[in-house]
Structures are given as C-alpha cells and as structure tokens.
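Hello,

Here is the structure for you to look over. My notes follow below it.

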Amino acid sequence: MDVEEIRALQRRPGGDMVVGGPDLARTFRELDLIDEYRVYVHPVLIGRGRPMFQAADEHVGLTLASARTFGNGVVRLSYVR
C-alpha cells in the first residue's frame, strides 16, 4: 500500500474517501490514515460476527461530531480524532 499516494488523494478537494471492511480499516488505522469514523448501528441483534475493530496497543481518543437517525432505525455516529 502506497501511504503517500493515499495521503495525496486525501488532500484533493471534492469528496471523502470511504473505507469499509475490517481488514482494510485495520490497515488504514495502523497507518494513521483515518480522520473520521462513521459507525452505523443497525437495530438487529446477531450475537456473533467478525469485529470491525481488532485489538490495538494504542488508545485513540475520538469526539462525537454528529449523530443521525434514519427512518428505518439505523443510526450513524460520526467521530473525529
């Protein structure tokens, strides 16, 4: 993964870069490439599954930037560093 190329894309105006999936998100987190976390909470209990965030050695403080509830009960929480 070319970190400098990703940083150059992040500096471009015109939109957000969205990363999904636990493996890619973990890599981006480890490379300090995430500025904002958008967590979608679905009103369903599944009881198991693959965690989005794997254990990490460092603590990253986040601040809630916004919260939005959609008509279907899904809640989007946006956190910034």
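Start with Arg76, which contacts Arg38, Val39, Tyr40, Ser66, Ala67, Arg68 and Phe70, leaving aside its neighbours within four places in sequence. Keep in mind that this is a predicted model. Arg76 sits in strand β3, residues 75-80. Arg76 is buried, yet it has no salt bridge. The nearest side chain of opposite charge belongs to Glu36, 6.4 Å away.

Now the whole chain. The protein chain has 2 helices and 3 strands. From the N terminus, the order is α-α-β-β-β. The C-alpha trace spans about 40 × 30 × 20 Å along its principal axes. There are 81 residues, and 14% of them are buried. Take the contacts with a separation of 6 or more: 57% of these join residues 24 or more positions apart. The accessible surface is about 6500 Å². Carbon and sulfur atoms account for 52% of that surface.

Next, the core. The largest nonpolar core has 5 residues: Ile6, Phe28, Leu33, Ile34 and Tyr37. Ile6 touches two of these core members, Phe28 and Leu33. Ile6 also touches Met1 and Met17; residues up to four places away in sequence are not counted here.

That leads to Met1. Met1 lies in the segment before α1 (3-11). Is Met1 buried or exposed? Met1 is exposed, because its relative accessible area is 57% and the cut-off for exposed is over 50%. Together with Leu24 and Leu31, Met1 makes a nonpolar surface patch of about 270 Å².

Best wishes

Definitions and conventions
Residues are numbered from 1 along each chain as its sequence is written. This is a predicted model: local features need pLDDT of at least 70, side-chain atom pairs count only at pLDDT 80 or more; totals for chains, interfaces and linings use all residues. Side-chain values use heavy atoms; hydrogens and water are left out. Patches are made of residues with over 30% relative accessible area and no salt bridge: like charges are joined within 9 Å, nonpolar side chains (Val, Leu, Ile, Met, Phe, Trp, Tyr) within 5 Å. Accessible areas come from the Shrake-Rupley method with a 1.4 Å probe; for residues, only the protein chains shown count as cover. A salt bridge is a side-chain nitrogen of Lys or Arg within 4 Å of a carboxyl oxygen of Asp or Glu. Helices (H or I, at least four residues) and strands (E, at least two) are DSSP runs, numbered from the N terminus. Buried means under 20% relative accessible area, exposed over 50%, partly exposed in between (1.4 Å probe, protein chains only). A nonpolar core is a set of buried Ala, Val, Leu, Ile, Met, Phe, Trp, Tyr and Cys residues joined through side-chain atoms within 4.5 Å. Contact means heavy atoms within 4.5 Å. Lys and Arg count as positive and Asp and Glu as negative; His and the chain ends are not counted.
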